[in-house]
Amino acid sequence: MSAHRARRWGAGLLGVVLASGLLGGGTASAVTGATPVPDGTYAFTAKVTFGDARACTGALVDQNFVVTAKTCLTDGTTPVAAGAPTRPTTVVVGRTNLTTTAGRELAAVAVVPHPDRNLALLRLSAPVTGIAPVTLATAAPAAAETLKVAGYGRTATEWVPDRLHAADFTVQAVAADTADIVGASAGATICKGDAGGPALRDVAGTPQLVAISNTSWQKGCLAETETRDGATVTRVDDLGAWIREQTADVQVFGVTSGGQLSYTVVDSASQVVRATRQSTATLGFTAKAMATLNENTILITDTGGKMYRVDVTGLDPLTFTKTWVMDGWGAYDRLTYDGYGSLYGIISGSNELRRRTLTTEKPTTANDLSRPTVIATGFGQKTLTSSGPGRILGAVADGRLLSYKINGSGGEGWVASTLATTGWGSYRHVVSPGGGLYYAVDVRGMQPFRDANPYDGSGADLTSYKCCQPGFDQALLSARPWHGLVTVYGAQPDGRLTYTALDPVTGQTVARTVSQQTLGFTPKALATLNSDTLLVTTTTGDLHRVDITGTQPLTFTRTAERLGGGWTHDRLVYDGYGSLFGQAGTKLIRYTVTKTKPADPATDLINRKEVLASGFSVNTLAAAGKGHLLATITAGTLIAYTVDAAGAWSRADLATTWTGVTSIVSPGGGLYYRRDGNGVVTGYLDATPFDGSGSDLTAYAPTGTASGGWTAILSAQPYDAWPDSTRRW
């Protein structure tokens, strides 16, 4: 073993680096023997900043993932764990010169540490487009081979260079997990800040990722006195299968006829199965129905009516523990979870659909599965899955594929759509993670389908992929849902926008950012059309479209010219189904939105209709669903308005204690968030939002959602708006 690999990660560890920006620097001249990288070269290289602790380097290996050194993400001696980073972590990709705005700057929302190597994957808050991920090498580094190593780390003269630099290194020795390297030219070395940087092999002009920077003696780095030379890199060439499995986004759990747990991971872009596994241990009971809550939590019922929480403790090999949660589930033979807090079950025999609300990601008792609601009978589909928030999907024995939007019980409790009339009767399982992806299983195996718009109630855009992936003979199957967020945009008086993401289950604030740039005008009203499109009016009556280009940090573009004038509305809201409502004085006005990104009001914001020509004197306005509005008045009454397709309206008073409310927003699904005069927002849940009654309206996780500093102009992204890029896996 060489001296380089013999010493432990410690004082010379590359992961212990200065945070970017703590000390400045001019244009990097790089360490002797290295050169600044030309603009646009190695665009897949990333700068990773871990809170105010340190900065490192990484490489884009997937549109959603960057690989870096695991030790870049440590707090003290605490091991890096899977899940959210312990400090706010940002990733800049495609910015060779850090003084420019090229490339993308995104937050890292999750860490996937490798179990044995100094390597971790960072999942980004949004996919990186326009920058090709680096190709993964499949051949091991060889002694005497030359590799190009790139990084944003310290140079011989600068603490924090503003430019990516690279140099050639020669491989000296190769071990199972690492390789020793030394500069191919005098003075070339690896410094603090280069940890996680790519070590590349050139293959016919295409760089391939062989390894990432690990440790170094740092000879020649600024302020270092070490005379020993060389460094080590962590091998990546043999981790292709592991990386591809971690970056795949569809997870399907199952229960075999013998009681073992099964696991399959599929890449949705290619529909390639990346891994399949089966547990050695059995559940110890006869499973009847199952619903996957998240990446490591499954609810499974037995034939005796007991519900268990199954916690996945490892994927390779597949291991788990189980915990009894409650009894009384014997009548259910189908279960599914929508990823947004709603657990659905169908009673055998009566085909009655029931819903419960989750208030935690890991329910322990019946209290964590609260607000039981009977929706209706007649849900006779033989399979049950969820395609999105408040939506279920199932195949019927007669061949139909049915989609339902579930609102609650009573009038407008649910809306059914037929996506297909034939061909689905033979499928034993249909599962969906969301996002318009459906996986159907029959005797041939698993068949993927994609619904271009899963919320439009039409199957005209439903297409299939090549059939079929064999081996899916489990008794039960359940897909992990792509979790979404409650997304709330805001506009400050100075023209800056705000972005807040709330967990719809726990109410916790997941992310909160304020843009550095301003709109260039004083905003008056704001409506969110979809995940990246806002309509904003000025105090002088101009209307602009704002396109969100990133949320962490919050960046945007807006139309240089106004879309139109005369938009003197005090408030704007969008219901997610094509209707834009505005309050102008005491009028309630409705428009039809014909495009996801309106450009010309004459064709894209049409059918102006005064629903109420006078008397609409409300203090706040929100949309709770298709044609459904919420408002408050000075007296403290919370009012629900229903507007039908013809423009006829009705009113129901839900509560009389909502005084001092300055804003209301709702993504749908019965979730209401109200802001008071102190800028504090508190969440509420209406279990049946369209029944005209507030008797089932209760505070919802107020300790999680209540927080100060909220601007007065707020707008939630409707759950039912499409396209939606806020999905999370």
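G388 stands opposite R391 in β27, in a predicted model where local features need pLDDT of at least 70, side-chain atom pairs count only at pLDDT 80 or more, and totals for chains, interfaces and linings use all residues. Residues are numbered from 1 along each chain as its sequence is written, and side-chain values use heavy atoms, with hydrogens and water left out. Strands (E, at least two residues) and helices (H or I, at least four) are DSSP runs, numbered from the N terminus.

β26 and β27 run antiparallel and are joined by two bridges; strands count as paired if DSSP finds at least two bridges between them. The two strands form a hairpin with two residues between them, and G390 takes a positive phi near 70° there. S386 is found in β26, which covers residues 385-388. Its relative accessibility is 4%, so S386 counts as buried; the cut-offs are under 20% relative accessible area for buried, over 50% for exposed, and partly exposed in between, with a 1.4 Å probe and protein chains only. A polar atom of the S386 side chain lies 3.1 Å from the backbone oxygen of G388. Leaving out residues up to four places away in sequence, S386 touches T336, Y337, D338, R391, I392, S432 and G434, where contact means heavy atoms within 4.5 Å.

The next strand, β27 (residues 391-395), is mostly covered, with five of its five residues buried. R391, L393 and A395 point one way from β27, while I392 and G394 point the other way, and all are buried. β27 also pairs with β28 (residues 401-406), in the antiparallel sense and over five bridges. Within this pairing, L401 in β28 is the bridge partner of A395. The hairpin of β27 and β28 has five residues between the strands, and G399 in the turn has a positive phi of about 105°.

Elsewhere in the chain, four strands form an open sheet in the order β18-β19-β20-β21, with antiparallel pairing. β18 (287-294) and β21 (318-326) stand at the edges with a single partner strand each, so one side of each is left without a neighbour in the sheet. From one strand to the next the twist averages 25°, with axes taken as lines fitted to C-alpha atoms, for helices over the stretch in contact, and angles running from 0 to 180 degrees between N-to-C directions. Six bridges hold the antiparallel pairing of β18 with β19 (residues 297-302), and T292 stands opposite I298 in β19.

P363 is found in the loop between β24 (353-358) and β25 (369-376). With a relative accessible area of 0%, P363 is buried. P363 touches L293, L299, R309, V325, D368 and L369, not counting residues up to four places away in sequence. Of these, V325 is 38 residues from P363 in sequence, and the two are 7.2 Å apart in space, C-alpha to C-alpha.

In soluble globular proteins, nonpolar side chains tend to be buried together. A nonpolar core is a set of buried Ala, Val, Leu, Ile, Met, Phe, Trp, Tyr and Cys residues joined through side-chain atoms within 4.5 Å. The largest such core has 44 residues, and V61, V91 and L209 have the most contacts inside it. Elements giving two or more residues to this core include β3 (54-62), β5 (89-93), β13 (206-216) and α2 (240-247). V61 is in contact with V67, L121, P133, V134, L136, L209 and I243, leaving aside its neighbours within four places in sequence. A second, separate core of 18 residues includes F253, A275, F285 and Y308.

Strand β13 also holds T215. At 4% relative accessibility, T215 counts as buried. The side chains of T215 and T232 are joined by a polar contact of 2.6 Å; such a contact is a pair of N or O atoms within 3.5 Å, where within protein one must be able to donate a hydrogen and the other to accept it, and residues adjacent in sequence count only if both atoms are side-chain atoms.

Finally, the chain as a whole. The chain has four helices and 54 strands, and 59% of its 729 residues count as buried. Its C-alpha trace spans about 80 × 65 × 40 Å along the principal axes. A compact globule of 729 residues would have a radius of gyration near 27 Å, and the 28 Å of the chain agrees with this; the radius is taken over C-alpha atoms, and the globule rule is 2.2 Å times the number of residues to the power 0.38. Among contacts with a separation of 6 or more, 56% are between residues 24 or more positions apart.
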